[in-house]
Amino acid sequence: MKKILLILLISIASFFSASFYVSAATVKAKVPYSDVYIRKGPGTNYDYVRKAAVNATFDMVSNQKVATERGCADGWYKVYYSGESVGYICSSYVTLITIEEVHDTPTTECEKELANAGFPKTYWPELCALKSQYPNWSFEADVNGLDFAVAVSKEAVGKKSLIQTSYQGYLSTTTDSYDYLTDTFVVKEGKNWYSASPDVVAYYLDPRNFLDERYIFMFEKLSFDEEYQTVEAVQTVLNGRDLAPYSETIYTASRDNNINAIYLASRIRQETGANYSSYSLAGNAVTYNGITYDHVYNPYNIGANTGAHDGLVWAVAGTTYLRPWDNIPNAITGGAQVISVTYIAKGQDTGYFQKYNTSSYSEYSTYSHQYMTNVKAAYSEASIAYDGYQDMDLLKSTAFTFVIPVYSNMSDQKYSLPEKGNPNNHLNKLTINGKDIKGFAHDNYEYTHYVSSGAQEVRVEATAINSKATISGTGNIKLLETENKIEVIVTAENKSVQKYTIKVVRTDGIEMSVKDIVDNMNVPLSENHMLLTAGNTVENITSLAQKTAATAKVSVTNKASGNLSTGDVVTITNGGDTVTYNIVIKGDPTGDGNINIQDLLRVQKFILGYTDLNGSYLKAGDTNQDGIVDIVDLLRIQKHILGYLTIS
Ligand SMILES: [Ca+2]
Ligand SMILES: [Ca+2]
């Protein structure tokens with residue numbers, strides 16, 4: 001669907017400007033359920049293309065239903081997904097929502113109220129929809145003045161925002177969280193808690209993603225209200241759970257500490273399931289300061305910094321808040337005191353603010369003193385509380401107050417969840433003309449490669465670390481310029497892209513350093529020694545160098561031509577660059593260029609301690625380059641002389 005967004009920008013002088021957005025309302029299909037399929041046609045006889053994410057909204061081809069071919073008697077909606085692709089969703093699972101195109105100037109009473117309260121325009125459509133459905137609800141803006149991008153960066157570091165998920169695209173790829181080379185993520189807590197990616201943090205931090213009747217409860221103001229917070233409501237939240245018999249205790253603790261009772265029960269359910277199978281409720285024994293407590297409980301996991309056991313230690317590590325918590329009622333009531341005194345009374349008086357301390361009236365530093373690390377904790381608790389209210393039929397009748405943060409510099413679009421796939425877009429191999437490119441590293445993205453001025457093409461090949469990543473830009477590539485830029489593009493499963501650039505320079509060689517030339521010659525080096533096999537000559541070393549760089553000059557001390565010997569010194573010059581190498585002919589410790597009986601005797605004497613070998617001559621005696629000259633080298637020289645092997 002093409003929307004026409006007409007933007008008139010009027011600027012009057014340099015200090016005044018105004019903008020107006022004009023557009024019609026659009027209807028979208030929202031899928032508030034899990035496991036709903038988008039299919040290729042209007043019937044269950046068609047394949048599905050994918051599942052819709054819970055609460056995903058889709059642009060509609062038409063808001064008229066299409067008759068079913070099989071299943072879904074109510075008919076199907078034809079929708080756009082992934083941009084322009086078209087699919088069908090069973091209308092039974094769809095709620096039609098009207099999105100008023102955002103405009104700058106409030107027009108309705110509701111918008112005027114919200115604007116006056118400090119809500120920017122991007123909050124209006126959904127809050128007004130809620131207001132019309134639930135007239136008793138009220139919304140307060142907490143305009144915190146925090147830059148949204150800064151808030152994301154502060155909440156996405158270290159262990160502040162953790163997630164359990166099978167979607168690797170949701171995980172952080174910072175160096176302390178992920179190793180591209182091995183494609184492994186670092187467990188930050190427990191068995192499978194990982195750091196969430198900044199995009200995921202942005203999604204959960206953006207209040208506009210949760211302005212629906214279920215998830216808005218993360219912003220519910222958490223003070224006690226006897227009008228609707230009853231023992232029965234607590235029982236509803238804990239229905240079927242082991243702690244249901246403690247509903248009265250939870251209710252009383254809430255009332256006495258001015259905490260929302262339904263929220264308190266939701267917190268217990270979120271942290272422990274409110275079941276004895278939880279480590280924190282099983283009545284495990286804890287020894288602290290030499291004292292053993294046989295049964296310890298912590299239904300809120302307070303102080304569980306690196307795991308549930310820490311919470312049990314905290315539960316006996318002091319006498320405040322009714323500790324030690326060696327029985328469930330004390331643990332329930334003492335924990336309520338902690339939450340009340342240290343969070344709600346200090347300005348973190350919503351589930352959201354307890355997870356993300358961005359409250360402008362918090363007594364603790366922004367981004368610190370956060371109850372949970374789970375990036376979704378407030379979201380999950382909101383869902384539990386909502387179910388409780390709904391089961392008690394309290395949604396319409398109750399005058400809930402929601403305190404919703406407003407950040408500075410939020411984008412006009414809500415921040416959305418990232419792609420789910422693996423994020424690895426790195427290479428583990430990059431070759432040019434069949435050889436590893438010089439200086440290859442998976443995180444080195446720029447290379448220079450020299451070829452002779454007559455070269456017509458190069459062959460570039462690459463493999464990615466993760467098998468689900470795709471690579472483009474490889475193959476036989478024609479060289480049309482002096483400098484040719486080759487871009488190898490790696491696209492990860494999650495669609496993130498990494499570019500590796502190879503500059504291929506056709507040259508007669510004058511720009512090349514001697515080191516580059518020697519690298520291209522493919523001669524093994526050991527520090528400043530060139531390790532050669534017997535039979536190499538001044539001419540062929542010169543020719544090798546000049547094949548890479550025609551301008552290279554090669555000279556050998558006291559030798560104009562012919563066989564090279566151990567002990568020769570070769571000087572290579574190109575442009576202004578000069579490097580000198582010591583020649584080692586492997587198996588020639590005598591330095592005459594041949595491998596013969598003299599070399600055998602020289603090594604034998606060295607092993608027996610009758611003579612010494614140094615520098616190039618010692619390296620020449622170490623025919624297998626294992627760092628020592630020993631009987632193995634002696635035998636290799638012997639076999640070489642006898643023709644059983646060739647030292648190479
Ligand atoms: Ca020799
Ligand atoms: Ca050796």
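I began with strand 22 and strand 24 (residues 483-491), which pair in the antiparallel sense over 3 bridges. Two strands pair if DSSP finds at least two bridges between them. Strands are DSSP runs of E with at least two residues, helices are runs of H or I with at least four, and both are numbered from the N terminus. Within this pair, I471 stands opposite V490 in strand 24.

The model is predicted: local features need pLDDT of at least 70, side-chain atom pairs count only at pLDDT 80 or more, and totals for chains, interfaces and linings use all residues. I note that residues are numbered from 1 along each chain as its sequence is written, while chains are lettered from A and ligands numbered from 1 in the order in which they are written.

I then looked up the sheet with the order 20-25-24-22, an open one of 4 strands with mixed pairing. Strand 20 (446-452) and strand 22 (470-472) stand at its edges with a single partner strand each, so one side of each has no neighbour in the sheet. The twist averages 20° from one strand to the next.

Next I turned to the open sheet of 5 strands, whose order is 26-27-30-29-28 and whose pairing is mixed. Its edge strands, strand 26 (525-526) and strand 28 (553-556), each pair on one side only. I found strand 29 (residues 569-574) and strand 30 (residues 577-585) paired in the antiparallel sense over 6 bridges. There V569 stands opposite N582 in strand 30.

Which strands does helix 13 touch? Helix 13 (residues 538-548) packs on the sheet and touches strand 28 and strand 29, its direction making about 155° with that of strand 28. Angles run from 0 to 180 degrees between N-to-C directions, and axes are lines fitted to C-alpha atoms, for helices over the stretch in contact. I also recorded that helix 12 (residues 514-521) lies across strand 26, strand 29 and strand 30, at about 115° to strand 29. Contact between two residues requires C-beta atoms, placed from the backbone, within 7 Å.

My next entry concerns two helices. Helix 7 (residues 261-272) and helix 11 (residues 377-391) pack at an angle of about 125°, with their axes 9 Å apart. From helix 7, the residues that meet helix 11 include I262, Y263 and R269; those of helix 11 include I384, A385 and Y389.

Finally, I noted the division of the protein chain into domain 1 (26-99), domain 2 (241-348), domain 3 (427-507) and domain 4 (523-648). The domain bounds come from an automatic or database domain assignment. The C-alpha centres of domain 1 and domain 2 lie 44 Å apart.
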